[in-house]
Amino acid sequence: MKDNENQLNNSPQADSAPENSARETTPATETAAETETLIAPETQVAQPVNTQTDGGENPENPDGATAISFERKKLSKEEALKQFENRTIEAPKKSKWSWLSYVLLIGVIALGIWFIFKDVSDNMNGENAGSFVDVVKGGDWRFLLVTLAVLAGILLCDWFKYVVIMKTTTGKCNLKTSSKVAFLGKYYDNITPFAAGGQPMQIYYLHKKGFSGGASSAVVLIKYFVNMYCWLGCAFILMVSNTGVLSQMADQTWAQLIMIVGWLGIAFNLLLPTLIVLFAVFPKLANACTSAFIGLGAKMKIVKDKDKAMAKAFNTVNDFRSAIAIMSKKPLNFIFLIVFCIAEVMLSFAFPYCILRMFSAIGDGEGFGRLIEVMALYAFVQQAVAIIPTPGNSGAMEAAIMQAFSAIATSAVLMWSVLTWRMVVYYIYIVIGICLTVYELIRGVYRKNKAKRLSAQQEQAEQSALADEPPAPPDNG
């Protein structure tokens, strides 16, 4: 469940926006973007002012640079949807080299699995690690049902997040479309670095299904923002309340590395939501701080276009505030959305514990306390590998999680536990996604050939009809 919403440049940009109607009556064009929610609802929404208009100079900026600042005003649901209206939703670009991404994906998955087996061989001192069948026989299969129930809960929570948002934005409860959007998000998040591919594909899919650009963007970005705050909030609480959990690891070098990089990771991931909160609560201060920060980046040649970077930051904040304004019109739906987001995050953090119990890697006497420790270990590892730019953080995730969970399980059982866990929460989406991609390609070729055959048959029938048609009578006039 890799919601790695972790940096400002990967956050929703302002290249697009929704339309007033929840559905378009005209055929959906192709476009893409994103937007999401949390904090003070409709009360005040920051709007950029003093922006340079097309074809003219800003009188306060004779050099033609864009000078942007914020003013507050109330925002209705219709106005909030308009914030997304100008978004350009485009079909994903295809390249003849796109097959290389699949080669890379397979490579990093193989690397991750190799790390798991290597860790076991390094710690077994030549002893037999045991087969999967042996581990299964020694497992506690009472926890099989618990594991399946937790997995079902994760999938259902992710699904119903979109159901709630679509009901709020479009007024319709579309279960089928919501389930497909949820799966698309997980699949494309898992095959792209920094989980950056899920949102554009979800927006494109919704727009292709006939939803307006504004509604498509609002649905996906509302989920993005709310889930981001819930995910980071839960991870931060688990890490702060269990700072000593890594001391149980056998390899303290790894323990120190995971702790340091984990705190750096969550600090980096908290940068965007912190800036958004500052803009929402203290817009003048946030405006000054952001301007100074981007100005420093420009002087250091890190930021190429200062005005464009400022506009991007302000547009991200506008997306967030617009998303909040939309959800705040339905407070009960907003509460349900937050509950589903927190439930999915907490169940995802608890899922490794269920797998470990299922394989008897954790004893019966280790209950709630051990559950919290496993969740905290996973939170540290997840934040530590969040900056690794491989699809699904593959390679780094397997290596780090094996080391972290070595504090509570032996290598032989842990190997199969981690493999099973990664298969269920990551590899399975890749397998299903690749199968669906191949199916769509085959279906596309079949339909194209069928259309050609029907066209040829129709043309042949027309020619036969013309040949059988009796000649016209002579004109005696």
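Predicted model: local features only at pLDDT ≥ 70, side-chain atom pairs only at ≥ 80, totals over all residues.
Colleague: Which residues of H6 are buried?

Modeller: Residues are numbered from 1 along each chain as its sequence is written, and side-chain values use heavy atoms, with hydrogens and water left out. Buried means under 20% relative accessible area, exposed over 50% and partly exposed in between (1.4 Å probe, protein chains only), while helices are DSSP runs of H or I with at least four residues, numbered from the N terminus. The buried residues are Gly 198, Gln 199, Met 201, Gln 202, Ile 203, Tyr 204, Tyr 205, Leu 206 and His 207.

Colleague: Nice. Which helices are included in what covers the buried residues of H6?

Modeller: In H6 (residues 198-208), 9 of the 11 residues are buried, so the rest of the structure largely encloses this helix. The cover includes H4 (142-170), H5 (175-191) and H7 (213-241).

Colleague: Is Ala 399 buried or exposed?

Modeller: Ala 399 sits in helix H14 (residues 396-405). Leaving aside neighbours within four places in sequence, Ala 399 is in contact (heavy atoms within 4.5 Å) with Phe 115 and Trp 254. Its relative accessibility is 11%, so Ala 399 counts as buried.

Colleague: What is the phi of Ser 360 near?

Modeller: Ser 360 belongs to the loop between H12 (331-358) and H13 (368-385), and is partly exposed at 34% relative accessible area. Most residues other than glycine have a negative phi. Ser 360, though not a glycine, has a positive phi, near 60°.

Methods: Helix = DSSP H or I, 4+ residues; strand = E, 2+ residues; numbered from the N terminus.
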